[in-house]
Amino acid sequence: MITLEDVTKTYDLGKGNTVTAVRGVTLEIAAGEFAVLIGRSGSGKTTLLNLAAGLTRPTSGRVTLDGVDLWKLTDQQQSYLRNRKIGFVFQFPSLLPTLTTYENVILPTMFGANGHDSQEPERARAMLERVGLSDKLHSYPRQLSAGQQQRVVIARSLINQPQLLLADEPTSNLDERTESEIMDLFRDLHAGLGLTVVLVTHTRQLVSSGMRTIEMADGRVVSEILASADLGLEAGVTRTIP
Amino acid sequence: MNLLQLAWKNISGNGLRSWVVALCALVVAAFALFATLLLRGAATSLELATDRLGADIVVVPEGAQTEMEGALLMGVPAQFWMPEENVKKLAAIPGVEAVSPQVYLATLVGASCCSVSQMFMIGYDPQTDFTVRPWLDKQLPGGLARGEVIGGDYISATEAGYGILVYGDLVTLKGNLEPTGTGLDQSLFFTLETAHDIAHISETQAEEPLVIPPNQVSAILVKTKPGADNEKIAVDIFRNLPGVFPIESANLFQSSRAQLTSLLNMVVIVMALIWPLAIVLIGMIYLMAANERRRELGVLRALGATRRFVAESLLTEASLLALCGASVGIFLAVLAIYLFRRLIVSSLGVPFLLPSPASLALEIGIGLLLAMLSVVLAALLPAIKISRQDPAIAMRE
């Protein structure tokens with residue numbers, strides 16, 4: 001589904017200073033996979049996720065989604081692809097504070113090329129029901145707890161029925177119990193909707209959630225752990241990347 | 001939800017910023033419209049007064065120029081005299097096609113024999129007149145008979161519904177002239193015959209008699225031949241007729257025109273200061289807002305918004321704020337002009353005519369456009385800058 005081929009990302013900090021966040025990463029995420037991306041802070045996980053979504057241009061290398069090179073597309077095509085195929089869950093509070101829960105959930109439908117879809121309100125309600133917030137339709141983000149806000153974000157990420165869900169440390173600001181609930185939700189979505197999920201975390205306890213764990217350090221993928229045999233590989237195999 | 005609704009939600013959610021931007025638009029629109037209405041109103045009024053006078057050259061007694069302009073522009077009654085024989089002398093000057101005398105009179109202040117206190121009155125000679133008759137003919141094809149008068153736009157009949165008491169003589173108001181915004185709107189026009197009748201009746205009926213010195217006139221209006229050099233004719237008049245002063249119509253109301261020019265200069269200077277200032281202020285506000293909302297706009301990009309959508313959403317917000325601010329500003333400017341026009345006229349010393357509805361609508365449209373253009377222009381750079389930013393970088397702290 002997503003392929004990164006020898007991708008490097010270097011940020012220009014100005015005055016001749018640069019920092020390389022991702023160094024020559026080659027990675028393939030297959031359709032239907034639940035991959036967990038782990039690593040310490042600053043290891044390049046978030047940058048890798050952003051590269052996979054086409055949110056930042058690689059300094060070198062190639063990123064493809066379903067065989068399409070993201071950086072050969074126009075801004076409009078790339079935005080459309082993101083809108084229709086990818087759902088995002090961010091680490092930080094990403095709901096628009098001026099919109100209600102319902103409006104936040106339907107926000108991505110504004111950007112579709114087909115204009116207004118009569119199914120949207122129904123789908124938004126269904127998504128909110130799925131994340132257990134059907135009674136918070138008209139609440140504003142400030143009226144919701146951090147856990148509830150993150151659930152709304154998950155509902156929003158699903159509104160356009162994407163094939164890929166990218167989650168960047170979605171539970172980092174949550175207490176243990178809410179974290180567990182959110183992770184259960186991800187597992188349900190993966191299993192129930194057949195979504196491809198790539199989840200970034202620095203919490204090793206969440207590794208068990210995924211089918212594959214990719215560990216990053218210093219901008220490189222340093223190891224991959226296969227938790228099941230779904231990918232045709234033996235379960236529990238750890239492969240260290242040279 | 002559409003772009004407009006999203007923009008409106010953002011506006012209502014960012015109160016202080018929205019108020020400041022709307023206030024800038026309000027100030028720009030209000031000042032621009034107020035100044036435009038004032039200047040155009042005054043300029044139109046001067047043009048109309050000159051047109052209504054209908055003469056190429058107006059000859060008055062030397063030293064009476066200011067008094068005459070004050071009477072015509074501000075309705076301040078004036079009386080000055082010069083020998084009637086000047087009419088014939090003027091007619092003999094080469095290049096002069098027609099001449100017509102007028103007498104300028106005033107009603108009494110606080111006298112029961114006059115319905116209107118201190119009204120400027122103009123007596124014309126229907127035999128030679130070429131200035132009053134053309135616009136009288138449109139309303140009264142037969143002209144004014146003895147005892148009949150026509151008033152400026154502000155004049156209304158006070159006695160028995162159709163008459164006005166002037167020096168104890170009840171004259172009949174036959175109609176009103178189109179407004180000019182000048183003193184002519186508060187003036188009364190009648191023939192010289194009527195003027196002499198009023199003077200005669202005033203001897204017995206008025207608290208003070210109306211005195212029209214025999215063989216004297218106040219002003220002589222001169223019509224020049226087509227293609228004639230008015231300036232040369234005015235110089236000839238000045239040289240050949242001692243004690244009179246010829247004013248070319250182009251030079252009429254010079255002090256008001258000068259006042260208008262200085263007002264215009266002032267407006268241009270103020271506008272040159274506040275317009276760029278407003279644009280810079282709004283630009284800075286939007287730059288700050290765009291930085292403050294970097295993450296939010298980055299999220300929009302991640303959710304599938306194009307660069308264009310992000311820029312458009314900021315510009316739509318700016319346009320809506322400009323529209324709201326400018327609408328209030330325009331309302332206040334129009335209200336101020338309507339409520340305080342007399343105060344403005346008297347304090348600035350220039351005449352003023354309210355614009356026609358069509359002209360007002362056009363000026364309002366231009367005011368709105370100017371305010372919206374200012375705000376959109378100010379928001380354009382921040383909008384483009386933020387829309388071009390890498391979404392991943394925008395979402396970083």
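# Exercises on a two-chain predicted model

Residues are numbered from 1 along each chain as its sequence is written, and chains are lettered from A in the order in which they are written.

**Exercise 1. Find which residues of helix α7 of chain B are buried and which are exposed.**

Step 1: locate the helix, residues 230-240. Helices here are DSSP runs of H or I with at least four residues, and strands are E runs of at least two, numbered from the N terminus.

Step 2: pick out the buried residues, I233(B), A234(B) and I237(B). Seen down the axis of α7(B), they fall within an arc of 100°, so they line one face of the helix. The arc is taken from the directions from the helix axis to the C-beta atoms.

Step 3: recall the helix geometry. An α-helix has 3.6 residues a turn, so residues three or four places apart point the same way.

Step 4: turn to the other side of α7(B), where K232(B), V235(B) and R239(B) are exposed.

Step 5: list the partners. The buried residues of α7(B) pack against elements of chain B including β1 (57-61), α4 (86-91) and β3.

**Exercise 2. Describe the surroundings of A98(B).**

Step 1: count its neighbours. A98(B) has 17 C-beta neighbours inside 10 Å and therefore counts as partly exposed.

Step 2: name its contacts, leaving aside neighbours within four places in sequence: T128(B), F130(B) and K223(B). Two residues are in contact if their C-beta atoms, placed from the backbone, lie within 7 Å.

**Exercise 3. Check the span of helix α11 of chain B, then look for a kink.**

Step 1: work out the expected span, 1.5 Å times one less than the number of residues. For the 32 residues of α11 (residues 357-388), this should be 46 Å.

Step 2: compare. The end C-alpha atoms of α11 are 45 Å apart, which agrees.

Step 3: find the kink of about 35° at L380(B), shortly before the proline P382(B). The bend is the angle between axes fitted to the seven residues ending at a residue and the seven starting there.

Conventions: This is a predicted model: local features need pLDDT of at least 70, side-chain atom pairs count only at pLDDT 80 or more; totals for chains, interfaces and linings use all residues. A residue is buried if 20 or more other C-beta atoms lie within 10 Å of its own, exposed if 12 or fewer, and partly exposed in between; C-beta atoms are placed from the backbone.
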